[in-house]
Amino acid sequence: MGPPRATEPGPGAEPRLEMSTNLPLFPQQASSQAGQVDAIYFFMVAVTAFFGLLIATLIVIFSVKYRRRSDDEVGVAIHGSLALELLWTIIPFFIAMGMFAWGAKVFFDLYRVPAGAMEIFVVGKQWMWKVQHASGQREINELHVPIGRPVKLIMGSEDVLHSYYIPAFRVKADVIPGRYNTMWFKATRPGTYHLFCAEYCGTKHSGMIGSVIAMEPADYQAWLDGGKSEDTPAAAGERLFTSLACITCHSGDASGRGPALAGIYGHEVELQGGGKVVVDDAYLRESIVNPQAKLVNGFPPLMPTFQGMVSEEQLLQLIAYVKSLKGPAPGGAQPPGGPQSAPAPEKK
Amino acid sequence: MDAPALNYLNNGHGAASWLLTRDHKRIALLYLVSITVFFVIGGAFATLVRLELLTPAGDLMSSDTYNKMFTMHGVVMVFFFLIPSIPAVLGNFLIPIMIGAKDLAFPRINLLSWYIYILGGAFTLVAALSGGVDTGWTFYTPYSTAAANSHVMTAAIGIFITGFSSILTGLNFIVTIHRMRAPGMTWFRLPLFVWAHYATSLIMILGTPVIAITVLLVAAERALHLGIFDPALGGDPVLFQHLFWFYSHPAVYIMILPAMGVISEIVQAFSRKNIFGYSFIAFSSIAIAVIGFFVWGHHLFVAGQSTYAGLLFSILSFMVAIPSAIKVFNWTATIYKGSVQLDSPMLYAFGFLGLFTIGGLTGLFLGAMGLDIHVHDTYFVVAHFHYIMVGGAIMGYLGGLHYWWPKISGRLYSEPWAKFSALMVFVGFNLTFFPQFIAGYLGMPRRYHAYPPEFQVLNVLSSAGASILAVGYIIPIVYFGYSLLAGERSANDPWGARGLEWEIPSPPPTENFTVSPIVTHGTHQYEPSKEVGIA
């Protein structure tokens, strides 16, 4: 892999220069997780080779040694051996349980996002990957990331299932319409790496590819600064919050007909009909597209659905805006007090 | 040697005597012909896929066409070849004979299930001829319900219908094995082939209704816009994956368990020795059928499934590997101190042992959660399940077909050609699918019409292997055909094997046994025994 081509978008970033006669046998390791995944892979290859060769060797030896020497020859009747059955049940069992535990540990390490991870929004649609960085920088079918820093991708889909896959990082997660899936990685080596869609998504599934460009932090900063300035997702979300008239009800003061949102992210709210929920990306998303699903206690079911009115990207921007609101919560989610006497005027 | 004067093949002539037959042996032949036709069709789709993948660019056909090719390959091979293959042909032919019965419990239902299979197959062929389906054989939502513009409904109806054929066959086998055993044929004297089919039948009748329901729900969403799986209609796309794999993972055991039954028989016959660890092999089939129902979630480790659910599915997936390991060790031990003859069925059985071992162990790679994240939906998965389905199930099917061919047709086939084709299948198979493990770990996703150039060498190897494999599959069609017309007549027991099926004439009379047998011991007793033989 060549040096990162920091600001050059488009097909030039794809590693298309190899002769088609080269025969790679093993993928590059370019993330902090790659080594862990490869270690369990090599262990399992060794186990497979051992048992494969064991069975093959025994078959060859027995076939030669006990080959039929006359037409009426028969074998020796042996009905079995409990000791052997136990041996070849218990040993594979413990090997299998070891593999399970190891695989589960690696999974948890790949699943738990370290604190302070940099968040990047990804939206998949037939057949492209749209990305927006926290600073507002956008890109399509590319992803620029700094090395040495955990990066968390928050991913949604505008249409069908996709799957975000970076082989050199050994990470993959399905991108699912109607909900968010996340994944994280820490790139370790600067370079340009394949990005694939791994879940079949229709005609141009094999064209839904791109590049992940891992850069030295300084280069990454330069790349961010070099882009044309755009609103951050939070700023774009703030504009949407006004233009969609969310602010009318979520006014943030005691007169608001919806819960005040400042500081609400990451805190628990009480739900109507009992129960609590932590306000996270998934809950905020649901509350926008299906507001009646989990109402905050004390608020009337007034909010209309915004399904179909906001795109996946706009949803992510609205959520980024809510996240950015610092405030006195969780008290902010309290109802205005008293019974909801006022008849609700039409929204908008 | 002369054929018996009256046997099931010459007892009645003309189309009606076949199309309206209630003889399990004739119905088995109806299945043999029809699944061979579907195998050739499915193979043609695979050939086009492998031709396209010779070059990195998608230059032979359009992306839409390519997507239809791999979809139709999967649908035809899974639902119309692999699932019916061993049970409907060899199981149908042999189970009544092996247990000393004159027929299955429900001969008319047996014929009905063939007609249902043909009707389902007709829908699928209509879907293929009228433009094809492009959803992948997995029909994942919401693509299949909301986005795909191809003939999803027709193909889905075909799969829905064919499922009932599978259910009826399973039901017939279970009742037959419970109720129709000859006097003295106790459960632990049953040939292991019968045990394997009993376990398979359990999966068929418990699992298949779920795929039927799932397909109906897909149809309801696609046609009536009922929100079940599509989030735009308020549905949950991952729910589909749970329902689909609840059937389709056990369906893999529908394919492999009968092959395991075949291998148990062949290994005994060509070692002239009874099986090592009979009850362990018998019960491991049941264990696979039962545990196999609780592992489906290992297809969803990257689909946003709860981590704790993932843990359970992972540990159960490792557990279902243990009974398979037990079988492999017992088969190998059976050869020890045998009288081993490497005739073509035994070559297929050895091929099965090697390929199934690799296929099974690479399945553990996919059950290990942290490793599955990387290899999920890559060619590693494609290679793994072809080692099980082709290296396992088809090797078992071909081995069984060679082993019982003299009984089925009453004639012998060319053994040198059979050995040659077994070798071609083994070499061609490995050359086709081993490179796909490497391509998969490198990160090549499955279902890719075009791919980055660095994967080309591996794909060329794979396509070259496929051409060898194709030759290995075509040769048997030729020599079996020749055998039917002009092959040497076979004795009742050409292999010197033991078992009820080898004591009756080749080909068998319509009623199988002129005198109902009384069984005094299990199959494959070769050593002169204190017990007397079959009375």
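**Exercises on a predicted complex**

Apart from neighbours within four places in sequence, Gly338(B) contacts Tyr66(A), Gly75(A), Ser271(B), Arg272(B) and Lys273(B); contact means that C-beta atoms, placed from the backbone, lie within 7 Å. This is a predicted model, in which local features need pLDDT of at least 70 and side-chain atom pairs count only at pLDDT 80 or more, while totals for chains, interfaces and linings use all residues. Residues are numbered from 1 along each chain as its sequence is written, and chains are lettered from A, ligands numbered from 1, in the order in which they are written.

**Exercise 1.** Locate Gly338(B) and state whether Gly338(B) is buried or exposed.

*Solution.*
- Gly338(B) sits in the loop joining α10 (307–335) to α11 (344–367) of chain B; helices are DSSP runs of H or I with at least four residues, strands runs of E with at least two, numbered from the N terminus.
- Buried requires 20 or more other C-beta atoms within 10 Å, exposed 12 or fewer, partly exposed in between.
- Gly338(B) has 28 such atoms within 10 Å and is therefore buried.
- Its C-alpha atom lies 4.6 Å from that of Ser271(B), 67 residues away along the chain.

**Exercise 2.** Which strands form the edges of the five-stranded sheet in chain A?

*Solution.*
- The sheet is open, with order β4-β10-β9-β6-β7 and mixed pairing; strands pair if DSSP finds at least two bridges between them.
- β4 (142–146) and β7 (171–175) of chain A each pair on one side only, and these are the edges.
- Inside chain A, β9 (residues 191–197) and β10 (residues 210–215) pair antiparallel over five bridges.
- Leu195(A) faces Gly210(A) of β10(A).

Technical notes:
Two residues are in contact if their C-beta atoms, placed from the backbone, lie within 7 Å.
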